[in-house]
Each structure stands twice: as C-alpha cells, then as structure tokens.
Amino acid sequence: MLRVANVHTFYGPIEALRGVSIEVERGEIVTLIGANGAGKSTLLMTICGKPKASGGSIAFEGNDISSLATHDIVRLGIAQSPEGRRIFPRMTVTENLQMGAITADPARYGEDLARVFKLFPVLERRKNQRGGTLSGGEQQMLAIGRALMSRPRLLLLDEPSLGLAPLLVKQIFETIREINAQEGMTILLVEQNAYHALKLAHRGYVLVNGRITLSGSGPELLANPEVRAAYLEGGKKH
C-alpha cells in the first residue's frame with residue numbers, strides 16, 4: 001500500500017532523513033521506533049508532503065505522491081494524527097471532528113461521527129466542550145478521531161501515547177488494535193514506547209539518525225538484543 005524508497009529530507013542544510021526505505025502492506029500495523037531526533041516524525045510529515053522529499057520516492061497504492069500537495073494526499077486516503085495532538089483548542093469536540101471530515105463524503109458524516117463516538121464514548125459526552133479544556137488523554141482521542149473522520153485507508157499515528165498515564169496508554173493502544181482488527185485499517189505508528197508498539201505491530205523498523213538500521217516482525221524486534229538494550233531498558237517494559 002505504501003512504499004517509501006530511498007527518501008532524503010532536509011531542513012535547510014540539515015539532512016533529517018538519509019535514504020529511508022520502508023513498506024506498509026494493506027491491513028498491517030507497522031511501527032517505527034527510535035530515539036528523539038531520529039527522524040520519525042519527519043518521515044510521517046514527508047509522507048504527507050510537508051516537508052517534501054528532496055530525493056527518493058513515495059508511492060501510495062502504486063501511485064507516486066512525492067510531488068503532491070498535502071490536501072491532495074489526504075484526499076487519496078492518508079490521514080495523520082500528529083505529535084502533540086494539535087487539536088483546535090477553541091473549537092468544540094464536534095467542531096474539531098467536523099474539520100477532519102472536510103475531505104470526506106458529507107452524506108456519510110453522521111455515520112462517521114457515530115463511529116468515532118463508539119470508539120471514544122467520552123468524546124460524545126464532551127461533544128459541546130472546547131477541545132482545550134479536555135484532558136491530555138481526551139485530546140489524544142480527539143486527534144485520532146479527527147483523523148478517522150476523513151475515512152482514511154492509511155492512518156499515520158505520531159506518538160499517540162506521549163505524556164499519557166499508563167492506564168490511558170493501554171486504552172489508546174487497545175483502540176488502535178481494535179481499529180485495525182475490526183475495520184482492517186492500515187496503520188503506520190511512530191512511537192517512543194517501544195514495548196507497547198512492538199507488542200501491537202505486525203512489523204517494525206528502527207530509525208537511528210535518519211537511517212533505518214533494523215527491521216523485522218514485532219516479536220523479532222522485541223527479542224533483538226540491540227533493540228532491548230537501546231529501547232527496552234534491558235528488556236523491561238516501560
């Protein structure tokens with residue numbers, strides 16, 4: 001479904017991605033783990049067209065999207081829930097979800113809204129509340145819900161567990177699993193919580209200083225000594 005081939009991305013003179021290649025097949029959860037500054041978020045943003053890749057190619061369902069504008073990429077069926085949530089704090093929950101539905105079929109808005117409220121019942125209870133007054137966990141649910149309102153075929157999730165209490169982390173990951181299992185949603189997940197991400201994912205990649213250094217199934221990477229030492233505190237989940 002998604003093929004990133006030898007992609008290079010720059011911020012001014014700084015090369016953030018140095019020939020990154022990954023593939024995501026339809027129906028998979030693929031996770032990308034790595035330290036802060038490794039280039040994980042940059043890769044997701046590059047897939048979405050901002051910043052543009054300066055080299056290599058990005059193909060979605062067989063079509064090169066490297067040169068497309070972000071809004072055209074969204075219309076093809078790719079949606080991102082960004083790091084830090086980035087909801088609209090002065091808008092209500094419902095208004096935030098409406099913003100996510102801009103590129104979707106208006107005739108299915110009610111159905112899509114009901115789907116998000118079923119996944120995240122707390123959002124229905126808070127539907128008239130301003131986004132900025134929600135808790136961190138509720139804002140994360142809203143960010144994911146807003147992305148789902150565009151009816152994506154590929155969902156990009158950037159650090160969905162960041163800053164959340166352990167109970168909420170578990171809830172968010174269970175919801176991601178549910179979206180994948182029940183709807184067949186293809187998901188590319190960027191996550192610092194390597195243990196939970198690799199337990200959830202079918203496959204994973206390790207990104208170090210803008211380069212892919214390891215890849216494999218979730219269980220393979222969980223058992224890999226390098227991964228355990230670098231990201232799992234010697235094998236202990238965190």
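**Close-up 1. Proline 51 and its contacts.** Setting aside neighbours within four places in sequence, proline 51 is in contact with Thr9, Tyr11, Met45 and Thr46. Contact means heavy atoms within 4.5 Å. This is a predicted model: local features need pLDDT of at least 70, side-chain atom pairs count only at pLDDT 80 or more, and totals for chains, interfaces and linings use all residues. Residues are numbered from 1 along each chain as its sequence is written, and side-chain values use heavy atoms, with hydrogens and water left out.

Proline 51 is found in the loop between α1 (40–47) and β4 (55–60). Helices (H or I, at least four residues) and strands (E, at least two) are DSSP runs, numbered from the N terminus. Proline 51 counts as buried because its relative accessibility is 19%. Buried means under 20% relative accessible area, exposed over 50%, and partly exposed in between (1.4 Å probe, protein chains only). Tyrosine 11 is 40 residues away along the chain, and its C-alpha atom is separated from that of proline 51 by 8.1 Å.

Close-up 2. Lysine 50 and proline 51 are joined by a cis peptide bond. Its omega is about 5 degrees. Most peptide bonds are trans.

**Close-up 3. Two residues with positive phi.** Most residues other than glycine have a negative phi. Asparagine 6 has a positive phi, near 55 degrees. Asparagine 6 lies in strand β1 (residues 2–11). With a relative accessible area of 45%, asparagine 6 is partly exposed.

Glutamate 159 also has a positive phi, near 55 degrees. Its place is in the loop between β7 and α7. Is glutamate 159 buried or exposed? Glutamate 159 is buried, at a relative accessible area of 3%.

**Close-up 4. Helices α3 and α4.** The axes of α3 (residues 93–100) and α4 (residues 109–119) come within 11 Å and cross at roughly 120 degrees. Axes are lines fitted to C-alpha atoms, for helices over the stretch in contact, and angles run from 0 to 180 degrees between N-to-C directions.

Thr94, Leu97 and Gln98 in α3 meet Tyr109, Leu113, Val116 and Phe117 in α4.

**Close-up 5. The open sheet.** Six strands form an open sheet, with mixed pairing, in the order β6-β7-β8-β3-β9-β10. Two strands pair if DSSP finds at least two bridges between them. The edge strands, β6 (78–81) and β10 (211–217), each pair on one side only. From one strand to the next, the twist averages 15 degrees. Strand β9 (residues 203–208) pairs with β10 in the antiparallel sense over 6 bridges. Valine 208 stands opposite arginine 211 in β10.

**Close-up 6. Helices across the sheet strands.** Helix α6 (residues 136–148) lies across β6 and β7 (154–158). Helix α6 runs at about 170 degrees to β6. Helix α7 (residues 166–183) lies across β3 (29–33), β7 and β8 (186–190). Helix α7 runs at about 155 degrees to β8.
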